[in-house]
Amino acid sequence: MALFYILVFPGFLFLIGFALAGEWLDRKLHALMQNRIGPPWFQPLADIIKLSAKEDTVPNGADRTIFKLMPMLALTATVVAVLYVPLWSKNALNSFPGDLIVVLYLLTIPTLTFFLGGWFSRSIYSLIGAARALTQLFAYEIPLLLSVLAPAMLANSWSISEISAFYAQRWYLTPVNIIGFVVAMVALLGKLERVPFDIPEAETEIVAGSFTEYSGRLLGLFRLCVDVEMIVGASLIAAIFLPFGLGAPAWLAFILYLVKVEGLIFLISFMRTIMARLRIDQMVDFCWKILAPVAFVQLVLNLVLKGVVQ
Amino acid sequence: MTDRDVIKVPLGPQHPALKEPGNFILSMKGELVTEMGVRLGYNHRGIEKACEQRSYLNDLYLLERICGICSHSHSTAYVQAVEEIAGIQVPPRGLYLRTLVAELERVHSHLLWLGVAGHEIGFDTLLMYSWRDREVVMDLLAALTGNRVNYGFNTIGGVRRDITDEQKLEVLKATDTLEERTKYYAELAGHETTLIKRLKDVGRLSKEDVLRLGVTGPTARASGVSRDVRKDDPYAVYADLDFEVITSDHCDVYGRTLVRVGELMQTYKMIRQLLTQLPDGAIAAKAPRKIPKGQAISRYEAPRGEDFHFVRGNGTDKPERVKVRAPTLVNMQAVSTMMKGGYLADMPITLAAIDPCFSCTDRMIELRDESDTACGEYSWPALRQLGISHHRALGIDFTELSKKLASRRDRV
């Protein structure tokens, strides 16, 4: 039964399916908002199938092992992260005190693999993309951590399931974390490398950044990883900041969960529709001078509130 | 700074930021560009030389194909020069229609630029919107001239098609739609934060540099230099039209955006004036097949800047020399100045901001060794022989093939 949970539902297979559906939704919404028709529903799956049928090429001079290992590592890390995130019930598949930190850590791994994969491709565009990915990581990771830290402080727990359960019982405390929610959404855009933070893969400057030399199955794995990352990131934000309807019957809670994640995907596509790509220096400036202080405000607010509540 | 700190990033000849092949080598320190080397010539087609082999009328269609965006600019510039040599008086209605298509072309070129600029800074929504609106003017051009690009509208002595009253109304209606949409873009350019952040203070070019480098078109006007052939040296019917030359003192890419959007608004005004003032009469004067001996220059304000043509006739039906200087050639030299000290991320938009058209510009430059005194002109047969021997040296030989073809021709 545990194996079924992990491999089929709500584990690997469900997650991949949902991730591809999420990518389609993102692309379709983006297209509709841009006055285009957009892809048919099976496009992301078709892309993956097409990519896996193609030849994998490793550039001359690249480190073969690292080049081939990185996409798999990236996908593994994001898929594992979902085990600790409560999706539509109060409990995740697996949970222990401190899993919040583990999930954030696992979600950092893809960015590191983008860096390593790009760095060892030995292509000039990949090198710049890799350096940018890492620079960006240092900019958004702190605000993201701070923004989820604040609700955790108030809930007095490091476990996502417990935080989720805490807010599900005290729904009136949820609006307190609205600043943290905004910060987390913006940081998620940075993590997913979406406009306005798609600097590491800026097409018109550095072709495809770290992914320039990737092709075939390896590129497919990276693309899948980014899709899964979007779902896991959105689920994490939904679990911490939008813990509504967790006590409802399973089918209703499941639908509510889908609605929540899809709403967050809509926000992501909306943001990337209405904005231009920032420059890396502007992005770092923004994250450190605006996003991080705002996240601190949330932290202080929650600390004060905690004192009042107790 | 040692050589180890500098990385060289090639931009092109094949690159997603470039719509045509060109090569730019950026020497970078981190994200900052310290130097830029430009290499053009990937699109050289030898059109000027080819013009000497064709009649004046055939050249018109050849020159129109110098550029897919400002095709009417090149054909008008050429036709004006030929008309001057031959002393042909173009009927007023012909001049008005020529100007009408010229201004419609400016609309489609500037809307195209707006989209490209959006794409270069990762703002694809702007690309989708402005290109959707561009379809309106493309359809209009197709209805008026028969083609979306390379209109084939000009002829020596006038234009080839007349406009009906229904088409007039259609143009006016489309102009209203476009004006409304352009107002929206103007508002967008004034408010959208990320857009302004990416365009302001990027690719600075001072007024002094504009004058020193001889920059033309919207690029010059965005640095506060009021330089517009339509005003300075009016051709066609621009002297009868009431319009302003839009300038801006921003001296950066943002200024260039504002100038282009402002010019669009002026163009709509001009289109309305052209249609209300349109005189009756013939659309073209009869042109002789043989153009008399003489030479003329012609200046034309293309969407990208001043387009310059020189034509010399020797009394036959073929010109002796046609010389084209497209606006991109002069503006390209300013890009290195704009780029110095900029970010890599700003490189595509800085380059795009001059609205480059490489195929207009590309020409061959031969670097000669000073000690090499063997210098002279090739005649056509000598040039042909040179080509044949060059390809033979590479192992490409068509001797057999041409013999076969010759024998087949004989049999027929």
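A residue counts as buried when its relative accessible area is under 20%, as exposed when over 50%, and as partly exposed in between (1.4 Å probe, protein chains only). Keep that in mind for this predicted model, where local features need pLDDT of at least 70, side-chain atom pairs count only at pLDDT 80 or more, and totals for chains, interfaces and linings use all residues. Residues are numbered from 1 along each chain as its sequence is written, chains are lettered from A and ligands numbered from 1 in written order, and side-chain values use heavy atoms, without hydrogens and water.

**Stop one: chain B as a whole.** Of its 412 residues, 53% are buried. Now switch to cartoon view and look for 16 helices and eight strands; these are DSSP runs, with helices (H or I) of at least four residues and strands (E) of at least two, numbered from the N terminus.

**Stop three: His119(B).** Is this residue buried or exposed? His119(B) counts as buried because its relative accessibility is 13%.

**Stop four: its surroundings.** Which residues does His119(B) touch, leaving aside those up to four places away in sequence? Select Glu203(A) and Thr204(A) in chain A, then Lys19(B), Asp124(B) and Leu127(B) in chain B. Each is a contact, meaning heavy atoms within 4.5 Å.
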